[in-house]
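Here is a colleague's note on one structure, written as numbered points. Please keep the sequence and the 3D view open while reading.

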Amino acid sequence: MIAVDVVIPAYNEEDSIGLVLADLPRDLVRRVVVADNNSRDATAARAREAGAEVVPAPVQGYGSACLAALDHVRRTGPPDIVVFLDADYSDHPDEVPRLVEPIARDEADLVIGSRALGNAEPGAVLPQARWGNQFACLLVHLLYGHRYTDLGPFRAVSWRALESLGMRDPNFGWTAEMQVKALRRGLRVVEAPVSYRRRTGVSKITGTISGTVRAGWKIIATVLRYSRGPI
């Protein structure tokens, strides 16, 4: 039986984390690790109540939270496949099998959940996020010769492949780092259509002008950084 662990970085998501955990296919998922990124609300308590393992992620940032969760997973027994998704209930956790199956069949090392190929609820992807995503994908195509349609957070990766990437970005560049490093490493990367809905609450990134600008610049810088030289 293939072991699948789910990693969820979370910051002030007490209203949504329980919904995310309730919708995960527990017959497929071995365990869920929620990285609590200094939440000031009851996110950690809600996650524990719903059966997740909660680990503290004291260094603020999306990537830092993912790294904290992965360190816990590494120390306590790594899985065969890791699934990443957000804590805001914008992703559809019941679609995890779509991402896991190509890896389980040994047809891919990394599967990106593409909102562009799937069903996105009107207004779920804000215009600034859509434009930034399209530009980043175009940049990846120009520099790496690969056509992505999305840099979304919902994804699955084999543990072996993930360890080979040496992930280290502490914040907004995490998803881009994984995707461009996978190309540089020659990993088998595919996309799978996923659904997307309006998130619960306001986005900490695309919900503000400053967050959008900072995230956009970091993603572009990450794509440029790994286009040449050592990774």
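**Notes on salt bridges, cysteines and cores**

1. R198 and E121 form a salt bridge, their closest N and O atoms being 3.7 Å apart. A salt bridge here is a side-chain nitrogen of Lys or Arg within 4 Å of a carboxyl oxygen of Asp or Glu. R198 sits in the loop between β7 and α8 (209–225) and E121 in the loop between β5 and α5 (127–144), so the pair ties together parts that are 77 residues apart in sequence. Helices (H or I, at least four residues) and strands (E, at least two) are DSSP runs, numbered from the N terminus. E121 is partly exposed, with a relative accessible area of 35%. Buried means under 20% relative accessible area, exposed over 50%, and partly exposed in between (1.4 Å probe, protein chains only).

2. A word on the source. This is a predicted model, in which local features need pLDDT of at least 70 and side-chain atom pairs count only at pLDDT 80 or more, while totals for chains, interfaces and linings use all residues. Residues are numbered from 1 along each chain as its sequence is written, and side-chain values use heavy atoms, with hydrogens and water left out.

3. The structure holds 17 salt bridges. Another of them joins R188 to D106, with the closest N and O atoms 2.9 Å apart. This pair links distant parts of the chain, 82 residues apart: R188 is in the loop between α7 (174–184) and β7 (189–193), and D106 is in the loop between α4 (96–104) and β5 (110–114). R188 is partly exposed at 33% relative accessible area, whereas D106 is exposed at 53%.

4. R74 and D71 also meet through their side chains in a salt bridge (4.0 Å, N to O). They are three residues apart in helix α3 (residues 62–76), and are therefore separated by about one helical turn. R74 is partly exposed at 38%, and D71 is partly exposed at 35%. Elsewhere, D5, R30, R31 and E53 are linked in a network of salt bridges.

5. How many disulfides does a search of the whole structure find? The search finds zero, a disulfide being a pair of cysteine sulfur atoms within 2.5 Å. The sulfur of C66 is 18 Å from the closest cysteine sulfur, in C137, which is too far for a bond. C66 is buried at 0% relative accessibility, and C137 is buried at 6%.

6. Helix α7 is mostly covered, with nine of its eleven residues buried. Among them are W174, E177, M178 and K181. After α7 comes G186, whose phi is positive, near 75°.

7. The largest nonpolar core has 37 residues, of which L70, V82, F84, L162 and M178 touch the most other members. Such a core is a set of buried Ala, Val, Leu, Ile, Met, Phe, Trp, Tyr and Cys residues joined through side-chain atoms within 4.5 Å. Elements that each supply at least two residues to this core include β2 (31–36), β4 (81–84), α6 (159–165) and α7. The largest share, six residues, comes from α3.

8. Leaving aside neighbours within four places in sequence, F84 is in contact (heavy atoms within 4.5 Å) with residues including V7, C66, L70, L162, W174 and M178.
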